Amino acid sequence: PELRDTLTRLVNKVAMIVQTEKVMIMLHQPDSGRLTVLPPALGISDELAAEVSVATDEGISGLVFRTREPVVYNDALNDPRTQKHFVSLLHVRNGICVPLVIKRRDEEERLVDERVIGVMHVFNKRFNQDFSTEDVRLVEMLAEQAAAVISNAQLYIQLTEEKQELQEAFEHIAVGVIVVTMEGKVRLIN
């Protein structure tokens, strides 16, 4: 629930800053090789978002995921890179798609690793305007924040699941185990 609340605030902030009607985050699913929508999406219902799934070698989403370069399209219907089914389904006029990149740095703040976990879309610039290079820079900065939030949430969920598994294993050990602190206080017992 905390992740959903945080993402709701984030997509609302993105829409307000860039002046768009719709914002959608898509995450890469390594097992299927597809990009799927991470709810919530602004201006797109959860039911509709659940229908959106794109292979990493298809459309603008796949292009941005593979190349790690943002794409701007100001005429979605006539742009050969767009998937017309999704343009129609989501009522897209124009948009920006940027990669969600997780960057890991060392103690001296040098970049040691970066990986793409998905893409962020903003659709339909308000007042029928076109997207500018300034809009792209803003969306890239906001996507960096989104990637960090998602990465931290994924790490938290993974650690919570591992802790639960260890706790269950500890409780089902056939022998008695007691963990005592140096002060003699019992910390764990099965």
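Glu-165 is found in helix α5, which covers residues 133-171. Helices (H or I, at least four residues) and strands (E, at least two) are DSSP runs, numbered from the N terminus. This is a predicted model, in which local features need pLDDT of at least 70, side-chain atom pairs count only at pLDDT 80 or more, and totals for chains, interfaces and linings use all residues. Residues are numbered from 1 along each chain as its sequence is written, and side-chain values use heavy atoms, with hydrogens and water left out.

Glu-165 counts as exposed because its relative accessibility is 55%; the classes are buried under 20% relative accessible area, exposed over 50%, and partly exposed in between (1.4 Å probe, protein chains only). Together with Glu-161, Glu-162, Glu-168 and Glu-171, Glu-165 forms a negative surface patch. Patches are made of residues with over 30% relative accessible area and no salt bridge, where like charges are joined within 9 Å and nonpolar side chains (Val, Leu, Ile, Met, Phe, Trp, Tyr) within 5 Å. Asp and Glu count as negative and Lys and Arg as positive, while His and the chain ends are not counted. The place of a charge is taken as NZ of Lys, CZ of Arg, CG of Asp or CD of Glu.

## Strand β1 and its partners

Strand β1 (residues 20-29) is mostly covered, with seven of its ten residues buried. β1 pairs with β6 in the antiparallel sense over seven bridges; two strands pair if DSSP finds at least two bridges between them. In this pairing Met-24 stands opposite His-121 of β6.

β1 also runs antiparallel to β2, joined by four bridges. His-28 has Leu-35 in β2 as its bridge partner. Four residues lie between the strands in the hairpin of β1 and β2, where Gly-33 takes a positive phi near 70°.

## The β7-β8 hairpin

Strands β7 (residues 178-180) and β8 (residues 186-189) run antiparallel and are joined by three bridges. Val-179 stands opposite Leu-188 in β8. The hairpin has five residues between the strands, and Gly-184 in it has a positive phi near 90°.

A nonpolar surface patch consists of Ile-178, Val-180, Val-186 and Ile-189, which together have about 380 Å² of accessible area. Accessible areas come from the Shrake-Rupley method with a 1.4 Å probe, and for residues only the protein chains shown count as cover. At least two residues of the nonpolar patch come from each of β7 and β8. Val-186, found in strand β8, is partly exposed, with a relative accessible area of 47%.

## Backbone geometry in the loops

The peptide bond from Pro-39 to Pro-40 is cis, with omega near 5°. Pro-40 is found in the loop between β2 (34-37) and α2 (46-50).

Two residues other than glycine also have positive phi. Arg-68, with phi near 65°, sits in the loop between α3 (59-67) and β4 (71-73). Glu-109 has a positive phi of about 65° and belongs to the loop between β5 (95-105) and β6 (111-125). Glu-109 counts as exposed, at 55% relative accessibility.

## Salt bridges

The whole structure holds eight salt bridges, each defined as a side-chain nitrogen of Lys or Arg within 4 Å of a carboxyl oxygen of Asp or Glu. One of them joins the side chains of Arg-93 and Glu-21 (3.7 Å, N to O). This pair links distant parts of the chain, 72 residues apart: Arg-93 is in the loop between α4 (84-90) and β5, and Glu-21 is in strand β1. Arg-93 is partly exposed, with a relative accessible area of 33%, and Glu-21 is partly exposed at 32%.

Glu-114 and Arg-68 also meet in a salt bridge through their side chains (3.3 Å, N to O). Glu-114 lies in strand β6 and Arg-68 in the loop between α3 and β4, so this pair ties together parts that are 46 residues apart in sequence. Glu-114 counts as partly exposed at 29% relative accessibility, and Arg-68 is partly exposed at 36%. A further salt bridge is formed by Asp-106 and Arg-110, whose closest N and O atoms are 2.8 Å apart. Asp-106 counts as buried, at 15% relative accessibility. Asp-106, Glu-108 and Arg-110 are linked in a network of salt bridges.
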